[in-house]
Every structure is written in structure tokens, then in C-alpha cells.
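Student: Hi! Could you walk me through this one while I have it open?
Tutor: Happy to, let's bring it up.

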There are 2 protein chains.
Amino acid sequence: MSAKARVKPTPTDHRTRVGRERRASTKRRILEAALGVFAEMGGAAPVIDDFIKAAGVARGTFYNYYDSVEELLAATTAWLEEDLMLSIEHELDGLTDPVDRLALGVRLWLRKAEVDLVWCAFVAKAVTHGEVVEETLLRDLRNGARAGVFVFDSVQAARDLVVGTLHEAMRRMSASQVPATFTDEVARLVFRGLGMPSRRVQAALRRPIPTFRRAMQPLR
Amino acid sequence: MSAKARVKPTPTDHRTRVGRERRASTKRRILEAALGVFAEMGGAAPVIDDFIKAAGVARGTFYNYYDSVEELLAATTAWLEEDLMLSIEHELDGLTDPVDRLALGVRLWLRKAEVDLVWCAFVAKAVTHGEVVEETLLRDLRNGARAGVFVFDSVQAARDLVVGTLHEAMRRMSASQVPATFTDEVARLVFRGLGMPSRRVQAALRRPIPTFRRAMQPLR
């Protein structure tokens with residue numbers, strides 16, 4: 001038990017916690033509504049009033065959270081990505097080897113893109129990614145390099161290889177049909193690029209891809 | 001001499017050729033003006049009238065070429081990329097080995113991004129690429145695979161690896177400083193991802209990068 005946890009809660013702590021929970025729930029309400037607006041508008045460019053109306057919150061409240069459509073699009077995408085990350089973490093539970101984790105994580109990500117083309121098209125439009133995704137990826141890349149399985153001088157270059165390749169592959173998948181073998185071929189080139197020995201790559205690709213057990217945010 | 005070249009030119013051929021040249025020159029005029037508009041507007045979103053005014057062509061003429069800002073942005077980027085490709089081809093002159101060609105081509109592309117950050121930021125915003133770039137890349141990838149140096153089942157996946165990684169690297173380079181070794185590290189991960197044997201990768205990276213001799217379209 002940490003020192004912090006032993007401290008007796010004060011009324012201020014309680015108010016802080018309630019405030020934090022209220023903020024999280026308002027934020028979620030805005031993002032769920034935003035997702036609906038983005039999905040419905042399709043080609044047409046939505047304006048900030050569309051989001052305020054859909055979320056059913058006061059204008060002032062809305063601007064406490066987001067200032068522009070661009071910011072909202074980034075937040076919605078980050079939220080969808082983090083929702084997928086939670087589902088991936090659920091499937092990786094018990095896997096401690098960083099290389100196994102990253103290899104299965106990449107394949108689960110591509111599997112999601114393959115079976116949910118609406119999600120795939122939405123996320124493929126993103127130019128930034130959520131912090132959780134970035135941090136998890138960098139951590140697994142660094143740990144894999146420390147274990148001597150990934151071989152690179154620059155973790156940034158390695159991250160750009162993974163994110164860039166998956167992004168282009170998702171753009172392709174949302175625009176046209178790909179053969180059933182496509183996603184594993186993409187994963188293979190990425191793993192090889194990271195310096196994984198070929199036997200290790202083959203073993204990673206032989207492992208069956210589990211079905212997602214955690215329910216994810218539906219896209220309307 | 002091909003059969004086609006022996007045919008005597010008719011007045012119609014002449015008119016066709018003059019028409020084609022006039023079209024090419026109007027198109028170039030529109031694209032040069034568009035580049036200036038995109039560069040000047042920066043964050044603000046330009047509207048189609050900004051481009052018509054800058055190009056100094058009749059509205060009707062303009063719409064013969066481009067219909068929307070998006071289309072114009074794609075065309076301008078493709079044009080800049082193709083301008084670079086001409087300069088790269090100039091440096092690759094005499095290189096016939098597809099792997100040497102692609103390896104030096106990738107490094108020259110990254111060198112351009114490194115020394116011309118305005119170009120880098122502009123092209124990094126593109127979501128589509130010019131046909132010339134796509135076709136040249138696919139041809140070199142296929143030839144390299146035929147020669148047994150690149151190893152992949154899907155040329156699409158290999159293309160996504162190259163384009164996606166370079167795109168992310170360029171986004172990074174236009175947003176923040178990178179170490180001097182960054183671009184060659186990116187190239188190394190891409191070459192390895194394509195299946196190039198490590199000795200071949202090392203040899204490719206030891207080759208000096210020539211200076212561009214051909215003048216390129218300046219970005220204002």
C-alpha cells in the first residue's frame with residue numbers, strides 16, 4: 001500500500017473525485033455524439049454547432065472541452081483507437097514478452113481494420129494518434145530492442161515504420177478489397193523491418209489471432 | 001525508328017500537338033499559382049476563387065482543369081513529387097539494378113525532405129501521390145523481387161511499407177528536429193522490411209548521396 005493510499009480522504013478529495021467523474025462523463029457524451037455527427041455527415045464538412053446540438057450540452061460547457069472540429073476529430077479518433085487498445089490489452093493479458101505483445105497487437109489492430117471497415121476508414125483519416133497508443137507502442141518497441149529481438153538505432157524511426165505502414169495499409173483496405181493474406185503480409189514486412197529474426201516472424205504469424213472478447217464502441 | 005515515327009505529320013497532328021502544348025502550359029500556370037496560394041494561406045483554408053485569381057485565367061478555363069480545392073491540392077502535390085522524381089531520375093541515370101535504383105531513390109527523397117523543410121511539410125500533408133511516383137516505385141519493387149533481392153508476396157504491402165514509413169518520417173521531420181542519422185535509419189528499416197540482405201543494406205547506405213544537379217520548382 002502506498003503512502004498516498006493510507007491518507008484519510010477529506011471532503012475536498014471527494015469533491016475532486018466527483019468533479020473528475022463528471023468531466024469524464026461529459027467528455028464521453030460529447031465524443032459519442034461527435035462520432036455520430038462525423039458518421040452521418042460523410043462527405044459534408046460539419047461545423048461546431050452540429051456537435052453542440054448532437055451532444056445536447058450548453059455551448060459554454062462544450063467549449064470547456066473542445067475548440068474546433070479538427071480538435072474534435074482528433075479526440076474522437078484517439079478515443080476509438082484507445083477503445084481498440086483496451087480490447088487488444090484484454091487479449092494480450094498474460095503475455096509479458098514485448099515482442100509477442102507487439103506482434104499480436106499489430107495483428108489484432110489489422111484484424112479490427114479488416115472486419116470493421118467503417119472503423120478502418122475513420123481511423124485511416126487520422127493524422128495524429130492518441131497518447132495511449134503512442135506510449136504503448138514506444139514502450140513495447142524499446143523493451144523489444146532491450147531484449148535484443150528488435151534491432152534499430154532510433155525508436156522514432158521504428159515507430160514511423162509501424163504507424164506509417166499500418167496507416168497506408170488501412171487506407172488501402174478502406175478503399176479497395178484486399179486478399180485475405182494481405183494483413184499478415186503487412187505484419188510480416190513490419191516485423192522484418194524491426195529486425196525480428198525470420199524464425200521469430202514465422203512463429204508470430206503462426207499464432208492464431210484470438211477473437212475480441214471485449215465489446216467495443218459501435219460506429220453508427 | 002518506330003512505325004509511328006515514319007508516318008508523315010498531317011495538319012491535324014500539328015493542331016493536336018499545339019493544343020496539347022497549350023493545355024500543358026495552362027496547367028503549369030495554374031499549378032504554379034496554386035502553390036503560391038497554398039504557401040501564402042498557411043493555416044487558413046483557401047477557396048477556389050483564390051486560385052482562379054492567382055492563376056489569372058478565366059473561370060471557365062480553370063474549371064476545365066480542376067473542380068475543387070482538394071483536387072488542386074492533390075495535383076499540386078503530385079506535381080511537386082514528380083518534379084523531385086525527375087531530379088532523382090537524373091541522379092539515377094546509368095543505374096540499372098532495380099535495388100540500387102530504389103535504395104538511392106529512397107535516400108534522395110529523404111535528403112530532399114531534410115534540406116527543404118517547406119517541401120517536406122507540403123508533401124507530408126498529401127494523402128494521395130502522383131501516378132509517376134506510384135508507377136516508378138511499383139516497377140522498381142517488382143523488378144527487385146524478380147531479381148530475388150526484395151522478398152514479399154504482395155507488392156501492395158511492400159509499397160505501403162515504403163510510402164507509409166516515408167510519409168510518417170516526413171511528418172516527423174516537418175514537425176520537429178531529428179538527428180542527422182535519422183533519414184538513413186529510416187531507409188535502413190525500410191530496406192530491411194523489403195527483405196534486402198543486411199550486407200546489401202549496409203552497402204546501399206555506404207554509397208554517398210549525390211547532390212541534386214537538376215534545378216527544382218522553388219517553393220515560395
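**Chains, cores and a helix pair**

Tutor: Let's start with the contact, to which chain A gives 24 residues and chain B gives 24 residues. Keep in mind that this is a predicted model.

Student: Which elements give two or more residues to the side of chain A that touches chain B?

Tutor: Those are α9 (155-175) and α10 (182-193) of chain A. The largest share, twelve residues, comes from α9(A).

Student: And how do the residues on that side divide into nonpolar, polar and charged?

Tutor: On the side of chain A that touches chain B, ten are nonpolar, eight are polar and six are charged.

Student: Switching to cores: in the largest nonpolar core, which residues touch the most other members?

Tutor: That core has 82 residues, and the ones you want are A:A158, A:V190, B:A158 and B:V190.

Student: What does B:A158 touch, leaving out residues up to four places away in sequence?

Tutor: B:A158 touches A:L189 from chain A, along with B:L141, B:F150, B:F152 and B:L194. There is also a second, separate core of 13 residues, with B:L31, B:L35, B:V37 and B:F62 among them.

Student: New topic! At what angle do α5 (residues 69-92) and α6 (residues 98-115) of chain B cross?

Tutor: Their axes come within 10 Å and cross at roughly 130 degrees, so α5(B) is oblique to α6(B). The crossing of α5(B) and α6(B) is right-handed.

Student: Which residues of α5(B) make that contact?

Tutor: B:L84, B:I88, B:E91 and B:L92 do, and they meet residues of α6(B) including B:R101, B:L104 and B:W109. By class, the contact of α5(B) with α6(B) has six nonpolar, one polar and three charged residues.

How values were computed
Residues are numbered from 1 along each chain as its sequence is written. Chains are lettered from A and ligands numbered from 1 in the order in which they are written. This is a predicted model: local features need pLDDT of at least 70, side-chain atom pairs count only at pLDDT 80 or more; totals for chains, interfaces and linings use all residues. Two residues are in contact if their C-beta atoms, placed from the backbone, lie within 7 Å. Helices (H or I, at least four residues) and strands (E, at least two) are DSSP runs, numbered from the N terminus. Ala, Val, Leu, Ile, Met, Phe, Trp, Tyr, Cys and Pro count as nonpolar, Asp, Glu, Lys and Arg as charged, and the others, Gly among them, as polar. A nonpolar core is a set of buried Ala, Val, Leu, Ile, Met, Phe, Trp, Tyr and Cys residues joined through C-beta atoms within 7 Å. A residue is buried if 20 or more other C-beta atoms lie within 10 Å of its own, exposed if 12 or fewer, and partly exposed in between; C-beta atoms are placed from the backbone. Axes are lines fitted to C-alpha atoms, for helices over the stretch in contact, and angles run from 0 to 180 degrees between N-to-C directions. Angles under 35 degrees count as roughly parallel, over 145 as roughly antiparallel, 65 to 115 as roughly perpendicular and the rest as oblique. A crossing is left-handed if the near helix is turned anticlockwise from the far one by less than a right angle, and right-handed if clockwise.
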